[in-house]
Amino acid sequence: MSQALESLLDLLDLERIEQDIFRGQSRSAVVPRVFGGQVAAQALVAAGRTVPEDRLAHSLHAYFLRAGDPGAPIVYTVDRIRDGRSFTTRRVVAVQHGQPIFHLSASFQTYEEGMDHQAAMPAAPDPETLPTAAEMLPRYADVITEPGVVERLLEAREAVDLRYVDAPPFGSVGEAREPRSQVWFRTNGKLGGAIDEPLLHVCLATYVSDMTLLDSVLLAHGRGGWAIGDVVGASLDHAMWFHRPFRADEWLLYDQESPSAFGGRGLGQARIYTQDGRLAISVIQEGVVRIPR
């Protein structure tokens, strides 16, 4: 396991300060605010720690309310909305400096047999044939000209091996493309021992899901994104459905597209597949995507 992955796991290991109140720390992101995927993953950790182990997360719905301060801890308060015979519902509010910055509702279910069908996995190259972030990002040093951005991008992805199938938005600035993007990802190291539980894999996938989902919005307009500053934006809301078991330390294909952008907002939707073709997760996110004036 890499040191960066150990650091990420420490970030997700919240401190319990009361029965249903938890405290998490933050770390610097590419932009000067708390990374949205971190807050979502930590909130899901908090919710999951109030739920019996035999109930697995099957969905979450979240709103990003305010930019988080990476220099201050985040307090997560869990409300036990419902404990039914098959489903458990939790609501989590993340607070900083006395104000809510994030709201999440999550649902958990006991395992049961049922009908089974899925959308087919799209074609994608073998992830092992694609360049790593360390190999790819330096190629764009002439495009990402602001000092330190390439280094911050590399640092942000040290814990996760994330590989683009095609060029990222900042690799085709000025060239409008089909609003579709694919990346393969897995943790940078294997998980094992006492920490190797389904909730952790779900929380790690939640963390990664906020990294690239709005890329497809940018591609449709030939914009390079936050890395080069030709758009400004932030996540507004985020929803995920966890369909089938998966491991975050094994390759997952993140197949993303944008059906709409309007009014300063862009919508991204995606499916995440295991390498052997099982549909594991569906994701939808809307974000603010504005052209600087």
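Helices (H or I, at least four residues) and strands (E, at least two) are DSSP runs, numbered from the N terminus. This is a predicted model, in which local features need pLDDT of at least 70 and side-chain atom pairs count only at pLDDT 80 or more, while totals for chains, interfaces and linings use all residues. Residues are numbered from 1 along each chain as its sequence is written, and side-chain values use heavy atoms, with hydrogens and water left out.

On a 1 Å grid over the protein atoms alone, a cavity is a set of points where a 1.4 Å probe fits but cannot get out; a pocket is an open set with protein on both sides within 12 Å along at least five of seven lines; lining residues have an atom within 4 Å of a point. Grid points are joined across faces, edges and corners, and a volume is the space filled by probe spheres set on the points. The structure has 1 cavity of 30 Å³ or more. The largest cavity holds about 30 Å³ of space. Its lining is made of Val160, Phe185, Arg186, Thr187, Leu204, Val208 and Ala248. Strand 8 has the largest share, 3 residues. The lining counts 5 nonpolar residues (Ala, Val, Leu, Ile, Met, Phe, Trp, Tyr, Cys and Pro), 1 charged (Asp, Glu, Lys and Arg) and 1 polar (the others, Gly among them).

Now turn to the rings. Rings of Phe, Tyr and Trp (its six-membered ring) pair if their centres lie within 6.5 Å; planes under 30 degrees apart are stacked, over 60 edge-to-face and the rest tilted. The whole structure has 4 aromatic pairs. One of them joins Phe35 and Tyr207 edge-to-face, at 5.1 Å centre to centre and 85 degrees between the planes. Phe35 sits in the loop between strand 2 (21-24) and helix 2 (36-48), Tyr207 in helix 5, 172 residues apart. Phe35 has 18% relative accessibility, so it counts as buried (under 20% relative accessible area; exposed is over 50%, partly exposed in between; 1.4 Å probe, protein chains only). Tyr207, at 4%, is buried too.

Phe185 and Tyr254 have ring centres 6.1 Å apart and planes at 70 degrees, so this pair is edge-to-face. Phe185 lies in strand 8 and Tyr254 in strand 10 (residues 252-262), so the pair ties together parts 69 residues apart in sequence. Both residues, Phe185 and Tyr254, are buried.

Last comes an open space. The second largest pocket has a volume of about 890 Å³. It is lined by 24 residues, and Gln109, Tyr111, Phe242, His243 and Arg244 are the closest to its centre. Strand 3 (55-64), strand 6 (99-110) and helix 5 each give two or more lining residues.
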